[in-house]
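Please read them with the coordinates open.

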Amino acid sequence: MAGSWRLGDLAVNRIGFGAMRLTEKADGSPSDRDRAIAVLRRAVDLGVNHIDTAAFYFSSTRSANELINRALAPYPDDLVITTKVWPGRDPSGEWWWARPEQLRGQVEENLRQLGRDHLDVVNLRMPRSKENDSLAEHFGALAELRDAGLVRHLGVSHVRPKQLAEARAIAPVVCVQNPFGVGASPEHNAFLDACGEQGVAFVPFFAIAGAGREAGASATDSEEVTTVARAHGVSPAQIRLAWTLQRGPHVLAIPGTGNPDHLAENVAAGALRLSDDEMTLLARTGAVG
C-alpha cells in the first residue's frame with residue numbers, strides 16, 4: 001500500500017475507492033448489482049478503508065450509497081465514508097443546487113441511504129459556475145451541522161486557494177477534492193503543494209480519466225505514459241495513479257471502478273515507485289483540469 005494519512009482524527013490508507021462507477025457502466029447501461037457489491041467487499045479485503053460517495057451517484061436502477069450499505073454494513077470500525085453536498089439530482093436525474101438551508105436535508109439523505117447516525121467527512125462541492133464566488137454561507141451551514149454532531153469533519157471540493165482560506169476561517173478543513181492528474185497545470189500543482197504545507201489532504205478526482213473526466217480514460221494514452229508503463233510492466237492507469245500519489249504524502253487517491261480486476265490493479269499502483277526523471281517526464285504530459 002501507499003501508506004496512510006489522517007482526515008482529522010480518522011486514519012485512512014492513501015489508496016481509497018470512488019463509488020461513482022458502481023451505478024452504471026461506461027456506456028450508460030445498468031451495472032450488475034451483485035458484481036458491484038462484490039467489488040466493494042473486495043476493496044475492503046484489499047485494505048481500502050476510505051470510500052468516496054454521494055447521494056447523487058445513482059442511475060435508474062442503482063444507488064451508490066445503498067450499494068455501499070448493502071455490501072458493507074455493519075461497517076468496519078476503521079472504514080471512513082466521505083460524501084459531498086450542494087449538488088443534487090431529482091428522481092428524473094435533473095441537477096439542482098441546494099441553498100444553504102437545504103444542506104441539512106442533503107446530509108440527512110446521505111445518512112438515511114448509508115444507514116449511519118453521522119457522516120465521517122462531508123465535502124462542500126462548489127459549482128463550476130461559481131468557481132470565483134464565496135462559499136462562506138454554504139460552508140457556514142455545514143459547520144453548524146458539524147457542531148450538531150451530524151458530520152464529523154468537513155472538506156471542500158472544486159475550489160481555489162482563496163476559497164480554501166475562506167472555509168478554514170469558518171471551521172477546520174481536512175481535505176480538498178479537486179480535479180488533478182498527470183500533466184496538471186502549474187496552478188493546480190502549486191495548490192496541491194500548498195495543501196500539504198497546511199496539513200490538508202489533497203484528494204484528486206479524474207486522476208486516471210484525465211481530460212476524459214466523467215466519460216473515463218481515453219483508449220489511447222500519451223507516449224510518455226505508455227513508455228513509463230512499459231518500463232514498469234504495468235498499465236497506463238497504474239502509472240497515472242502512482243504519479244499522482246507520489247506528488248506528496250498528503251495526496252489520497254479515490255479511483256472508481258466496477259471491475260474487480262481494475263480494482264486490484266488500482267490498489268497495486270500504491271506500491272509503484274517512479275524515478276525523479278519519470279515524475280518530471282510525466283509532469284509535462286497533456287494538461288488536466
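The points below go from the whole chain to single backbone positions.

1. Overall form. This is a predicted model, and it holds ten helices and eleven strands. Its radius of gyration is 18 Å, close to the 19 Å that the globule rule gives for 289 residues, so the protein is as compact as a globular protein of that length. The C-alpha trace spans about 50 × 45 × 35 Å along the principal axes.

2. Of the 289 residues, 53% count as buried. Among contacts with a separation of 6 or more, 75% are between residues 24 or more positions apart.

3. Seven strands are arranged in the order 3-4-5-8-9-10-11, with parallel pairing. Strand 3 (17–18) and strand 11 (201–202) are the edge strands, each pairing on one side only. Within the sheet, strand 5 and strand 8 (residues 119–125) run parallel and are joined by four bridges. Valine 85 has leucine 124 of strand 8 as its bridge partner.

4. Serine 4 faces asparagine 13 of strand 2. Two residues lie between the strands of this hairpin, and glycine 8 has a positive phi near 65 degrees there.

5. Backbone positions to check. Most residues other than glycine have a negative phi, and most peptide bonds are trans. Which residues are joined by a cis peptide bond? The bond is between alanine 73 and proline 74, with omega about -5 degrees. Proline 74 sits in the loop between helix 2 (64–72) and strand 5 (80–85).

6. Tryptophan 86. This residue is in the loop between strand 5 and strand 6 (87–89). Its phi is positive, near 105 degrees, although tryptophan 86 is not a glycine. Is the residue buried or exposed? Tryptophan 86 counts as buried because its relative accessibility is 3%, and the cut-off is under 20%.

7. Histidine 158. Here too phi is positive in a residue that is not a glycine, at about 60 degrees. Histidine 158 belongs to the loop between strand 9 (151–157) and helix 5 (161–168). With a relative accessible area of 12%, histidine 158 is buried.

Terms used
Residues numbered from 1 in each chain as written. Predicted model: local features only at pLDDT ≥ 70, side-chain atom pairs only at ≥ 80, totals over all residues. Heavy atoms only, no water. Buried < 20%, exposed > 50% of the residue type's maximum accessible area, 1.4 Å probe, protein only. Pairing = 2+ DSSP bridges. Rg over C-alpha atoms; globule rule 2.2 N^0.38 Å. Contact = heavy atoms within 4.5 Å.
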